[in-house]
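Dear colleague,

I am passing on the structure below, together with notes on what came out of it. Please read the notes with the coordinates open beside them.

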Amino acid sequence: MPILPSLETDAEEWDDTGAAAMTDEAAFAEAMLASYRRAMASVSAVSSDIRAAARRLTSIWREGGRLVYTGAGSSGLAAAEDAAELPGTFGLDASRIAIVLPGGTDEPFRIDGSAEDDAAAGEQAIAELGDLTRDAVIAVSASGSTPFTVAAVAEARRRGAFVIGIAHHQGSPLLVGADAPILLESGEEALRGSTRLAAGAAQKAALGMLSSLMGFGLGHIHQGLMVNLKADNAKLRERARGIVATIAGVSDAEAEGALRKAGGEVKPAVLIACGVSVGAAVTCLAAAGGRIDEALRRAAVSGAVMGEKPNEQGSVA
């Protein structure tokens with residue numbers, strides 16, 4: 001059997017060692033699990049790089065910049081998925097989040113393999129975003145050499161963006177062209193060349209860490225809870241109530257009352273449930289940069305904590 005050429009995540013030619021064993025279902029399943037373990041290890045190995053990039057994203061968002069996610073194929077879908085979750089999870093302004101995929105986002109789940117080879121389209125898609133000097137671009141490519149994505153990154157750099165590049169091949173154009181390169185050395189895929197698997201898992205984990213650490217930096221995570229979620233359905237309204245009750249140490253009814261007074265927003269509702277007036281809750285949160293712990297400290301120092309919690313009707317006794 002001839003050696004297969006290097007594909008996407010591999011720096012060397014494929015090794016046929018053990019290929020015969022892959023005809024056994026259990027062996028193939030174990031090979032996949034082993035590849036996923038390598039994928040997670042590759043993310044752990046660059047944790048400090050991810051944290052540094054996330055701190056920069058936090059600053060960019062605080063200063064009014066946009067987040068632009070780009071990629072092609074399964075890497076593009078991973079990027080788009082992370083971007084799409086941010087408004088609901090962290091209450092981020094959707095108008096400041098852009099997703100750039102080959103062929104656009106009208107049919108994001110129809111992967112056109114040929115479109116990822118169109119470098120001119122990648123350049124044009126970024127150019128349409130205008131000035132990027134205040135913005136961040138997060139680009140993902142398994143090989144690090146996808147023409148659409150590499151061209152998009154080059155154009156983003158020309159327009160002043162801060163670029164985070166996520167790829168699996170050291171020295172690839174995407175990583176070389178990024179301000180913050182994140183190399184995920186996830187190794188060979190058990191299903192050769194199918195980078196939606198181990199490489200995709202590593203990408204999803206790295207993207208999730210980036211955006212969640214940014215959320216943490218923005219004060220949208222407290223005690224491991226999503227305190228700036230957008231509660232726009234019954235499930236999330238129930239979750240918001242539980243978050244307020246957990247942090248403030250109050251009953252569900254008291255949490256519900258605090259949420260009503262806070263217009264459904266979790267952060268001020270937590271402070272209200274802890275005995276802070278509505279006005280003081282807003283003021284203290286603004287002064288604290290949106291961080292609940294600091295807002296509570298400021299409220300205590302200023303004497304805004306009344307020592308009494310809202311009753312079931314939502315008013316403070």
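Leaving aside its neighbours within four places in sequence, Ser42 is in contact (heavy atoms within 4.5 Å) with Leu183, Leu184, Glu185, Ser186 and Ala202. Ser42 lies in helix 1, where helices (H or I, at least four residues) and strands (E, at least two) are DSSP runs numbered from the N terminus. Because its relative accessibility is 5%, Ser42 counts as buried, the term meaning under 20% relative accessible area, with exposed over 50% and partly exposed in between (1.4 Å probe, protein chains only).

Before going further, the provenance: this is a predicted model, in which local features need pLDDT of at least 70 and side-chain atom pairs count only at pLDDT 80 or more, while totals for chains, interfaces and linings use all residues. Residues are numbered from 1 along each chain as its sequence is written, and side-chain values use heavy atoms, with hydrogens and water left out.

The sheet is open and consists of five strands in the order 2-1-3-4-5, with parallel pairing; two strands are taken to pair if DSSP finds at least two bridges between them. Strand 2 (97-100) and strand 5 are the edge strands, each having a single partner strand, so one side of each is left without a neighbour in the sheet. From one strand to the next the twist averages 15°, with axes being lines fitted to C-alpha atoms, for helices over the stretch in contact, and angles running from 0 to 180 degrees between N-to-C directions.

Strand 3 pairs with strand 1 in the parallel sense over five bridges, Leu67 standing opposite Ala136 and Val68 having Val137 as its bridge partner. Five bridges also join strand 3 to strand 4, again running parallel, and here Val140 stands opposite Ile166. Between strand 3 and strand 4 the chain passes through helix 5 (residues 147-158) in a right-handed β-α-β crossover, meaning that, with the strands pointing away from the viewer, the path from the first strand over the helix to the second runs clockwise. Both faces of strand 3 are covered, with Ala136, Ile138 and Val140 buried on one side and Val137 and Ala139 buried on the other.

The largest nonpolar core has 35 residues, and those with the most contacts inside it are Tyr69, Ile164, Ile166, Ile182 and Leu210; such a core is a set of buried Ala, Val, Leu, Ile, Met, Phe, Trp, Tyr and Cys residues joined through side-chain atoms within 4.5 Å. Among the elements that each supply at least two residues of this core are helix 1 (25-45), strand 1 (67-71) and helix 7 (198-217). Not counting residues up to four places away in sequence, Tyr69 touches residues including Ala79, Leu86, Ile138 and Leu207. A second, separate core of 29 residues includes Val227, Ala248, Leu271 and Ala280.

Helix 10 (residues 266-273) is mostly covered, eight of its eight residues being buried. Its buried residues, Lys267 and Pro268 among them, pack against helix 8 (234-248), helix 9 (252-261), helix 11 (278-287) and helix 12 (292-302). Helix 10 is followed by Gly275, whose phi is positive, near 100°.

With best regards
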